[in-house]
Structure formats: C-alpha cells, structure tokens
Amino acid sequence: EPARAGAGAEEQREEEEENHDHDHEGGGEPAALNGVVVSEKVKNNNLDVKIPESELEAEEKGVEEERPRESDSNILDVSSDYPRDKHISIQRHLADLEKLADLREDEKKPCPLCPEEKFKACYSHKLHRHLQNLHWKVSVEFEGYRMCICHLSCRPVKPNLVGDQTLAKMGAHYHCIICSATIVRRTDMIGHINRHVNKGETESRFITVRAPKSSYEVVKESATDVQVLPNHSTPQKTDSYFNPKMKLNRQLIFCALAVLAGERKPIECLDAFGATGIMGLQWAKHLRSSVKVTINDCNEKSVTMIKENCHLNKMKVKLNIKEEDNDETVGDGEENSDTIEVTKMDANVIMHLRSFDFIHLDPFGSSVNYLDSAFRNVRNLGIVSLTSTDISSLYAKAQHVALRHYGCSIVRTEYYKELAARAVIAAVTRAAARCNKGIEVLLAVALEHFVLVVVRVLRGPTPADDSAKKVRYLIHCQWCEERVFQKEGNMVEENPYQQLPCDCHSSMPGKTAVLLGPLWSGTLFNTGFLRRMLLEAVQYGLDEAQPLLKTLVCEAECTTLKHFSTHSPGDENKQEECGVYIKTPNTSAESYLVHGKRKSEEMLRGAAKRQRAEHSTEHPPFYYNIHRHSIKGMNMPKLNKFLNYLSEAGYRVSRTHFDPMGVRTNAPLAQFKTVLMKYSTATYVGAQAEGPVHLPGEIQVGVDVPAAAEIKVEEAELAEDDKSRVAAAVFTQSYPTHCAAD
C-alpha cells in the first residue's frame with residue numbers, strides 16, 4: 001500500500017507538471033506547483049502569492065453560483081475599478097443563508113451573522129429557527145434580495161461609560177445592497193433604499209454617470225414612442241419627468257392646437273418645458289406641416305433625451321443650443337414637416353427672444369413666474385395654455401401659498417375646483433393686462449391632478465380693460481355656502497350682506513360671510529371652440545378626451561346631455577370668437593361672397609348681432625353639490641331625474657366636470673333646496689311608491705323668481721292641526737302595535 005501511494009503521488013506530480021507546461025504555452029487551467037495553485041489574477045499582478053487548491057476551487061464554485069444570481073436582478077457591478085462582494089447578510093433565499101451555516105444534524109454550528117458571545121453554537125434545528133426568526137423575518141427586501149439583520153462587529157459601536165469597548169453591546173444593523181452603508185433601524189433602512197430608488201440609483205455602487213441605454217423604458221402614447229427612465233414617476237431633480245396620468249391633459253392641449261392650426265397655418269408653437277418631449281412630438285407627428293414645433297428645456301439630460309426621442313420617432317432635429325460643440329449626428333437643420341427645433345435655455349428667456357402663436361406652460365408646480373414672459377411676445381389671436389399642478393395651494397389646502405403665488409384669498413368650499421380655475425385665470429388676466437393684452441377664456445378644466453387653462457390673446461388696451469373689469473371679489477356665505485360676485489364699482493356699501501340671496505346674516509349672530517378673491521367672474525368656456533375641439537378629438541381618435549369635451553360643451557351651454565348636438569343652429573355657417581369670424585370646415589368660401597359691399601356688410605352686421613345674442617347667455621357661475629344640500633332623513637332623487645325637475649321648473653341646468661355630483665344652474669340656493677325637498681322621499685316609508693313628497697312647512701318661494709310660479713303655493717298655508725294629523729298618521733303607520741296597545 002505505501003508503494004502504491006508513492007506511485008500515485010509520482011503520477012500526480014507528472015500530470016501537474018504537464019498542466020504547468022501547458023499553461024505556460026497556451027493558457028488554460030491555473031498553474032499548479034506541489035498541490036498549491038497560483039491564480040491568473042494574481043499572476044497578472046506579478047504577485048508571488050500561493051493559494052491552496054481547495055480554497056481556490058471553493059472560490060470558483062462560489063463565483064459560479066453568484067453569477068446567475070446577479071444576472072437575474074438589475075443590480076450590476078459595472079465599476080471594475082471598485083470590485084465589491086455583497087455582504088453575507090444579503091441573500092436571495094433562506095436556504096442560501098442556511099448554506100452559510102453549513103447545517104448538519106450531528107454537529108453544532110455557530111450563526112454566521114452573530115458573534116460567538118451573542119449566540120453560541122447549537123444544533124441544526126435550533127440554528128434554523130434562529131436564522132428564520134431573528135434574521136430572515138426582519139429583513140428588508142429589494143430587487144429579489146433580502147438584507148438580513150447583522151449582529152457582527154461590522155459597524156463600530158460607542159463605548160460604554162467606563163470606556164471598555166469589549167463590554168459594549170454589539171449593535172445590530174443592516175447592510176445596504178447599493179452603497180454598502182450600515183443602517184441600524186429597519187424603518188431607516190427602508191427609507192434609505194427608497195431614496196436610492198427615487199434618485200435612480202439601483203446599481204451595486206453609487207454611480208453618477210447616466211444610465212445605459214438598455215435601462216430605458218419605451219412608452220407609447222398616441223402613436224408616439226418616448227424613452228423614459230425607470231424612475232420617471234418619481235425622478236431626481238436632474239432627471240426627466242413623465243406622468244402617464246396626464247394623458248388627458250396632453251390630449252386636450254393637442255385638440256386646442258389642432259383647432260388653431262385649422263384657422264391659419266403654419267403656426268409656431270412652443271413646448272416650454274419639454275421633459276421627455278412627448279407633447280411636442282405628438283404635435284409634429286400628427287399635425288405635420290401645419291405646425292413648426294419648438295421643444296425647450298433648461299436641463300441638459302432632458303435635452304439629450306428629447307433628441308433621442310426625436311430620432312426614435314424618425315424626426316429630424318434642428319439645434320439651437322448655444323454651446324461650443326455641435327453634434328453632427330443630431331440633424332442636418334433642414335426645415336421641413338419632420339423637423340423639430342430643440343432649444344436649451346430658460347423658458348423666460350426663449351419667450352422674451354421669440355414670438356409664437358401657441359405657447360404651452362407646464363412647469364413643476366405653479367406657472368405664475370412665466371406668465372409675464374408668455375404674454376410679452378405672443379402673437380395676436382394666439383393661444384396660451386398653462387397647466388398648474390400645485391393643487392395643494394389651489395384647492396385651499398395651503399391658503400397662504402395661494403395668497404403668495406396668485407394674490408388670491410380662498411377657502412375650502414363645495415365648489416373649490418372651480419374656485420381654483422377662476423383664481424388661475426385672474427392671475428393670467430392681470431399678467432396679460434400688464435402687456436396691454438386682453439384674454440378670452442376658451443377652456444378651463446380642474447381635475448384631480450392639474451388645473452388646465454386655455455386662453456386666446458387679444459392685443460390692445462381696450463380688450464385689456466374689458467378683461468380686467470371681469471376680475472372681481474366673491475362674497476361667500478359660510479353657513480349655507482351661497483355665493484355671489486361683488487358688484488362693479490368703487491363705492492363702499494354699508495351692508496354688503498344684502499348682495500347675498502340668503503338671509504343667514506339676519507338669522508345668525510356675528511359675521512357669516514367671507515370675501516374671496518380676486519377671481520375671474522366671466523365665462524369659463526367657449527362653446528364654438530369646444531365643438532371644434534370635439535371634432536378634432538373624433539378625427540384623431542382621442543378616446544379619453546371625447547367624453548370630457550362632450551360634458552364641457554353641455555356645461556358651456558348649460559344644458560343636459562339629451563339636448564346635446566354636434567352642430568348648433570348658430571354655428572352652421574360661421575362662429576364668432578372674441579369678435580373674429582372663423583370659418584368652420586362645413587362652410588365653403590362661396591357662402592361669404594355677396595355682390596355689393598353694402599349688402600355684405602349688412603349681412604355680416606346681422607350675423608354679428610345674432611352671434612352676440614347667443615353668446616350673451618353665459619353659463620351661470622359655480623355649481624351646487626346635491627349631496628351637500630340633501631335633507632337628513634330623506635332619499636333624494638337620482639341626479640338625472642333631479643336635473644329634469646329643475647329644468648321643468650324653468651331653470652337652466654347642466655352637470656359639471658368639476659364635480660360628478662355637482663349641478664350647474666341659475667336657480668338660487670333656496671329654490672334648489674325647495675325642488676330637492678319636493679322630490680325626495682322619506683326613508684321611514686318603505687312601502688310608499690316612489691314619487692314626490694310635499695313638505696309644505698319648508699317651502700319658501702321667492703317673489704322675484706319668475707320660474708318658481710309653477711310651484712304650488714297653496715300647500716304652504718296648512719293649519720297647525722293639519723300638520724299634527726299628518727304627523728299622527730305617519731306615526732300610526734310606522735308603529736301600529738304601540739298605537740293599538742295604547
């Protein structure tokens with residue numbers, strides 16, 4: 001047996017020498033000398049370090065096991081200069097953590113994440129419960145990995161009062177998989193990881209360079225592809241922002257631009273805050289030669305992303321960036337239908353330098369800082385649209401911020417969304433008036449995430465004065481929420497409460513009303529413009545914008561959806577917007593040619609009178625929430641039925657997009673409650689058929705309201721004994737057993 005062992009040892013030496021010679025010739029397996037292997041990595045560094053063969057094989061197996069794990073996640077160690085192995089407390093499965101402990105039934109093993117002083121070696125069943133309950137259950141998960149709690153002396157601990165470091169309690173902590181930081185609390189570790197994700201740092205080491213192209217996500221919206229970062233919903237300050245929830249906003253703005261492009265072409269339009277460039281790309285891709293699109297952004301990364309998105313949609317880029325280097329691969333600068341101009345400068349600067357027909361402002365938060373620049377060089381009859389996302393201040397959650405930004409005092413009311421839209425329009429009106437320009441509001445939308453306002457610009461001091469006169473204060477009753485705009489004039493009234501239709505001031509002690517504003521008191525919609533926007537939405541297949549535009553048309557005309565029609569009688573030939581006649585697509589040029597100058601002027605003058613008569617009936621301001629004014633103990637009718645009841649009473653009525661349960665009507669609040677009470681049913685009458693229930697003691701009909709004459713007033717003069725008999729009859733019907741016993 002010793003001889004055989006010696007022969008085997010000699011054969012093994014000969015094989016190792018052959019392998020050593022083969023490695024020197026072509027390079028294959030690591031060199032082996034006397035059972036000791038020298039790795040290639042060490043040889044390349046010219047270090048004569050000998051590593052035992054058993055340790056090297058274990059290391060190679062560990063590397064082979066870790067490679068598929070790293071490929072499954074997005075956590076990549078792209079920095080070869082700073083190699084870092086993940087900490088042993090970071091594992092994918094509990095079985096991987098148990099492999100570190102090398103559990104065996106017949107041997108005691110220590111915990112790999114606890115020092116010997118804290119947890120002594122034990123058998124496998126006890127160690128398994130320890131790893132599962134103490135380390136795995138309180139771990140923090142990220143990208144398929146679990147960062148388990150570690151009790152090793154990785155993190156320095158504070159010495160005790162005596163100063164003995166060895167007696168100090170070892171601090172439990174977590175190891176960050178991204179930046180290798182050690183965090184004590186689990187909640188702090190979760191917040192630490194969330195901050196990495198918000199900054200776009202999902203790699204194994206903190207890297208400040210831009211993410212590779214493969215990490216971009218391609219999002220398609222309205223036949224337009226854009227590349228966005230993985231953190232596009234919660235970006236870092238230097239990253240681009242893309243919000244899929246603003247798709248409806250982008251469709252509305254596109255419809256407004258399409259309507260303007262139908263009036264005159266080509267038009268120069270500006271997207272002042274491009275971000276990913278999705279809005280400007282949609283304009284250029286669908287409207288083609290009708291528009292000349294300019295996308296601007298002051299962020300260099302956003303400009304780079306806009307150029308890449310232009311190439312992704314096969315659009316040429318015309319650069320206008322004041323930089324030393326000019327990329328030839330970006331575009332050849334030819335102006336055609338597929339060319340988009342990309343600029344990198346502040347939004348105020350580009351609006352001061354150039355003139356545009358259409359300007360859209362969508363900054364982060366309030367847009368009041370850019371209004372003066374927007375109205376400075378915008379062309380006559382051009383359009384300015386702005387999106388405000390500072391809903392906390394506009395919706396009266398931060399009233400001091402609204403006062404600071406918009407110069408407007410507001411409170412939380414049932415019509416707070418329309419209040420926000422009128423506050424934004426008031427700020428727009430004042431900014432336009434400072435540039436001797438007036439406005440006509442074409443569209444005002446206030447939804448959950450944004451407030452969108454689209455206005456047409458009218459040059460001249462006379463339109464500016466007319467628009468400025470429509471900015472007034474609002475008197476709001478805090479008891480019944482009745483409201484009315486303050487009358488024009490500078491004279492101080494002795495009792496401003498007399499302007500309110502309610503009598504809360506006389507029946508309630510103290511001050512009952514507040515003064516809100518200044519607010520826009522004019523109309524919020526232009527019916528002709530909205531109808532043409534609806535036609536553009538149908539033409540381009542914008543499904544999300546069509547229901548909202550139909551609601552807006554009904555709201556502008558203050559009518560129900562039953563009476564909605566795509567073509568009104570006054571809009572068959574022409575439409576008047578802010579004193580300008582605009583041809584509709586159904587109108588031919590020959591219909592405007594009339595023989596004789598005097599006859600044509602007379603016809604135009606007559607048409608103008610008819611149009612002014614139609615546009616004079618503006619929609620009533622504000623709306624009432626039917627739930628807010630419902631009667632306690634009564635079942636109110638369905639909303640559509642209630643609209644019919646108000647319409648039958650002689651009032652103008654429609655639904656509103658501001659509130660799904662809101663009713664826009666010209667009826668005073670007292671008459672609104674009267675009709676609501678008349679057609680409500682009592683909750684305790686279960687077997688009674690559905691129908692109107694008359695509560696005559698509560699009906700109050702105003703003398704000055706002509707439409708309230710249809711309500712029966714004779715029922716209001718019942719005697720007290722009749723009321724008692726009615727109450728006794730209702731009680732007997734509800735509780736027959738008690739009445740029989742009595």
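Predicted model: local features only at pLDDT ≥ 70, side-chain atom pairs only at ≥ 80, totals over all residues.

Residues are numbered from 1 along each chain as its sequence is written, and side-chain values use heavy atoms, with hydrogens and water left out.

Now switch to cartoon. You'll find 23 helices and 28 strands; helices (H or I, at least four residues) and strands (E, at least two) are DSSP runs, numbered from the N terminus. Of the 742 residues, 44% count as buried, meaning under 20% relative accessible area, with exposed over 50% and partly exposed in between (1.4 Å probe, protein chains only).

Next, select 94-101, which is helix α4. Its buried residues are Leu94, Asp96, Leu97, Glu98 and Ala101. Step just past the end of α4 to Asp102, which takes a positive phi of about 55°.

Time for the inside. A nonpolar core is a set of buried Ala, Val, Leu, Ile, Met, Phe, Trp, Tyr and Cys residues joined through side-chain atoms within 4.5 Å. The largest one has 110 residues, and Leu361, Phe375 and Met533 touch the most other members. Select Met533: leaving aside residues up to four places away in sequence, it touches Leu252, Cys255, Ala256, Val259, Leu443 and Leu549, where contact means heavy atoms within 4.5 Å. A second, separate core has 24 residues, including Cys477 and Val663.

Now show helix α7 (247-263) together with helix α18 (545-557). Their axes come within 10 Å and cross at roughly 65°; axes are lines fitted to C-alpha atoms, for helices over the stretch in contact, and angles run from 0 to 180 degrees between N-to-C directions. Which residues of α7 and α18 make the contact? Leu248, Gln251 and Leu252 come from α7, and Ala545, Leu548 and Leu549 from α18.

Last stop: Asp465, in helix α15 (461-469). Why does Asp465 count as partly exposed? Because its relative accessibility is 45%.
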